Amino acid sequence: MRGTRVLVLNSGSSSVKYQLLDMADGSRQAAGLVERIGERTSYLRHAPAGGPRREREEPVADHETALKAVAEELDRDGLGLDAPELAAIGHRVVHGGRRFTRPTVIDDAVLAEIERLVPVAPLHNPANLAGIRTARALAPHLPQVAVFDTAFHTTMPEHAARYAIDTAVADEHRVRRYGFHGTSHAYVSRKAAELLGRRPSEVNVIVLHLGNGASASAVERGRCVDTSMGLTPLEGLVMGTRSGDVDPAVIFHLARVAGMSVDEIDVLLNKRSGLLGLCGDNDMREVLRRMGAGGPDAERARLAFDVYVHRLKKYIGAYVAVLGRVDVVAFTAGVGENAAPVREAAVAGLEGLGLAVDPELNAARGDGPRLISPASARVAVAVVPTDEELEIATQTYALVTGEAARET
């Protein structure tokens, strides 16, 4: 009999996050993080369910070394890669292009295609590949499944996915809007429908995934029809360090007038912009603290907050227009789940669209999905905690047990 556990791996450029989940009840058996891979000192933090947290501080040269250390920690808890209860390993892969529209069992051909997509995801896909190759070597007996950030957005119609540039150039170089954070948008849109007591196929949802990276999506009856991120995760909302939408001519202007190279502009827009570029802090908690402290420092923080909210409000309005009818707006991720002032400001003034928040409900803390709109509101506003690892595990387990085939 096949096991019910799934190990979820999220391999970044210098880190590996992992969770072991039992799909019989969705419980977490263990979770952890290896960070600062390749640096002089690396850290592994491992938390088994019901046991004390363990930490290791030692050099971790590469992803192979990192995953071997993870396997050792799991083995100490009787949860190793050879345990018969382990059914599969699910990998987060950021970019799946147009080919990968659903979770996919990884073989050599799939690996080659993920590698072919490196030019459009140079920061993410190489790290994802490193994690996959190592996991396959460590556990060749287990099915390995790729769950793609872009997959949920492949249902966008062509008029939403296309940029208005020469189609021959776009097609040759795969320039189109792909979207990201797809596992989060899929999970949250489904949970938002459940919160209303309805099926996803009956509900139109605007999902606002607001973390250090931020994206919005318009989900029509369970299918994404538009999203804010594009060819890369740079487009769209104001983020912690990313600019979001800018006039493309800004790049030409900085090259000609400031003498900046393409690489320098890339770093500027991805790592020195957003909240950080506007006020010097990329953490919304610090921005809000500075706003409340008063003085000249508060003015820069207020400007960053106002720019952030203005962009967010524009996307809400745009997606109301795209969907025609909206049943629920769902806030999620670190900022969306925890920053009540952001939620309040984003919805303020949109009463004409049927949107409002109840101040007391909005200010109240809670762990699960909850409504924060007045009972009389035409459109529900909700906070829905995301769980990308559970979504990856769910999709992985459904594929390897055949449930995914029965659902389609």
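Both Y315 and Y319 are buried. They sit in this predicted model within helix α11, 4 residues apart, which is about one turn of the helix. Why does that spacing matter for direction? An α-helix has 3.6 residues a turn, so residues three or four places apart point the same way.

Now turn to the aromatic rings. The model holds 2 aromatic pairs. One of them joins F100 and F148: the ring centres are 4.5 Å apart and the planes meet at 5 degrees, so this pair is stacked. Planes under 30 degrees apart count as stacked. F100 lies in the loop between β6 (86-93) and β7 (104-105), while F148 belongs to strand β8 (residues 144-148), so the pair ties together parts that are 48 residues apart in sequence. F100 and F148 are buried. The rings of Y315 and Y319 have centres 5.8 Å apart and planes at 75 degrees, so that pair is edge-to-face.

Next, look at helix α10, residues 284-293. Which residues of α10 are buried? They are M284, V287, R290 and M291. Seen down the axis of α10, these buried residues fall within an arc of 120 degrees, so they line one face of the helix. The face turned away from that buried side carries the exposed residues R285, G292 and A293.

What do the buried residues of α10 pack against? Their partners are α9 (274-279), α11 (296-323), α12 (333-338) and α13 (340-347). Helix α11 also holds Y315 and Y319. Just after α10 comes G294, which takes a positive phi of about 80 degrees.

Methods. Residues numbered from 1 in each chain as written. Predicted model: local features only at pLDDT ≥ 70, side-chain atom pairs only at ≥ 80, totals over all residues. Heavy atoms only, no water. Buried < 20%, exposed > 50% of the residue type's maximum accessible area, 1.4 Å probe, protein only. Helix = DSSP H or I, 4+ residues; strand = E, 2+ residues; numbered from the N terminus. Arc of directions from axis to C-beta. Contact = heavy atoms within 4.5 Å. Phe/Tyr/Trp six-rings, centres within 6.5 Å; stacked < 30°, edge-to-face > 60°.
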